[in-house]
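Colleague: Before I use this model, I want the terms set against their cut-offs. Please go through it with me.

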Amino acid sequence: MLVNQFLFLGAILFCIGVYGVLARRNAVLVLMSIELILNSVNINLVAFGALWHVTDPSNLSGQVFALFVIAIAAAEVGVGLAIVLLIHRNRQSIDVNDVDLMKG
Amino acid sequence: MLALLVAQNIAFYFIAALMVFGALRVVTCKNLMHAALWLVLVLAGVAAQYILLAAEFVAITQVLVYLGAIIVLFLFGIMLTRTKTGTDDNLNNSAGARRMAALIGVLLAGVMGYSLWDGFGKREFGELTVQRTAEVSDSIFSTYLLPFEVISILLLAALIGAIVLARRD
């Protein structure tokens, strides 16, 4: 298998996620697109980790950092959805374009 | 060995095609619930790719954390914030903004694709060996002990923060 197979898959998923963040206005869908981005990064980390593991079997940094990213993503989704719920409770809408109180 | 390689490649391309299709449905589909279910397909595909990369522990964590917890959280978020069921026309930005977003995505894909091809070309993995769970835990609890503790504190802070934010008082 080529390393680039996995890297290209990660890049394509990343770009789809960026499109989702920019094109969606529902806050929950924006969070889902961010999950896509985080997962594409994780594919890259594990692919590089596997590549490194072949030459240096004692080194597992790629996998460890992928696990850290998964933990960060879980925290991000928990807090993010709590914020979305709070916005929905106060404004009866989760349209990200409506949240413009601090716009000059 | 060659037969195994061919099988790995077939599995990779099949799963990758499913994942890209699912990801496109996540960002274009008109129904929030369906978008969450397409996301399940993508995340399961990511777990399968980890198996192909011989990273067993990360694959199992992916299934437990993403498919088990985060998707359920998303479904709850959708159900708590949606006023009516069925399709919703108000999910996307205007057509002009979407075209701009698509342009940015394609440009980004072009730049990243070029630099990846330039940097790695046809480099092979070599013979992948299973990166065993015991080795991963050795690495976490020796080299990466401090980041691990910091992540624990961060998770606790996020837990408390989410409860404080979502509480009704």
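Colleague: Why is N92(B) called buried?

Modeller: Buried means under 20% relative accessible area, exposed over 50%, and partly exposed in between, with a 1.4 Å probe and protein chains only. N92(B) has a relative accessible area of 11%, so N92(B) counts as buried. The model is a predicted one: local features need pLDDT of at least 70, side-chain atom pairs count only at pLDDT 80 or more, totals for chains, interfaces and linings use all residues, and side-chain values use heavy atoms, with hydrogens and water left out. Residues are numbered from 1 along each chain as its sequence is written, and chains are lettered from A in the order in which they are written.

Colleague: Where does N92(B) lie, and what does N92(B) touch?

Modeller: N92(B) lies in the loop between α3 and α4 (95–120) of chain B; helices here are DSSP runs of H or I with at least four residues, numbered from the N terminus. Contact means heavy atoms within 4.5 Å. Not counting residues up to four places away in sequence, N92(B) touches A23(A), R24(A), R25(A), K30(B) and R98(B).

Colleague: What makes the pair N92(B) and R24(A) a polar contact?

Modeller: A polar contact is a pair of N or O atoms within 3.5 Å; within protein, one must be able to donate a hydrogen and the other to accept it, and residues adjacent in sequence count only if both atoms are side-chain atoms. The side chains of N92(B) and R24(A) are joined at 2.7 Å.

Colleague: How many residue pairs are in polar contact between chain A and chain B?

Modeller: The count is 21 residue pairs, both residues being at pLDDT 80 or more. Helices α1 (3–23), α2 (27–55) and α3 (61–91) of chain A each supply at least two residues of the side of chain A that touches chain B. The most comes from α3(A), with 24 residues. That side divides into 52 nonpolar, 14 polar and five charged residues.

Colleague: How many residues are in contact across the two chains, and what is the area buried between them?

Modeller: In chain A, 71 residues are in contact with 82 residues of chain B. Buried area is the accessible area (1.4 Å probe) that two parts lose on being put together, summed over both. Between chain A and chain B this is about 7200 Å², and carbon and sulfur atoms give 74% of it.

Colleague: What makes R25(A) and D95(A) a salt bridge?

Modeller: The closest N and O atoms of R25(A) and D95(A) are 2.9 Å apart, and the pair forms a salt bridge. R25(A) lies in the loop between α1 and α2 of chain A and D95(A) in the segment after α3 of chain A, so the pair ties together parts that are 70 residues apart in sequence. D95(A) counts as buried because its relative accessibility is 8%.

Colleague: What is the N to O distance in the salt bridge of E135(B) and R132(B)?

Modeller: It is 3.8 Å, and the side chains of E135(B) and R132(B) meet in a salt bridge. E135(B) is partly exposed at 28% relative accessibility, and R132(B) is partly exposed at 47%.

Colleague: Is Q92(A) buried or exposed?

Modeller: Q92(A) has a relative accessible area of 58%, so Q92(A) is exposed. Q92(A) lies in the segment after α3 of chain A. Its phi is near 55°, a positive value in a residue other than glycine.

Colleague: Why is I94(A) counted as buried?

Modeller: The relative accessibility of I94(A) is 10%, so I94(A) counts as buried. Leaving out residues up to four places away in sequence, I94(A) touches R25(A), N26(A), A27(A), V28(A), V84(A), H88(A) and T81(B).

Colleague: How do you know that the length of α2(A) agrees with its number of residues?

Modeller: The expected span of a helix is 1.5 Å times one less than its number of residues. The 29 residues of α2(A) should therefore span 42 Å, and the end C-alpha atoms are 43 Å apart, which agrees. N26(A) caps the N-terminal end of α2(A), with a side-chain oxygen 3.0 Å from the backbone nitrogen of V28(A).

Technical notes. Ala, Val, Leu, Ile, Met, Phe, Trp, Tyr, Cys and Pro count as nonpolar, Asp, Glu, Lys and Arg as charged, and the others, Gly among them, as polar. A salt bridge is a side-chain nitrogen of Lys or Arg within 4 Å of a carboxyl oxygen of Asp or Glu.
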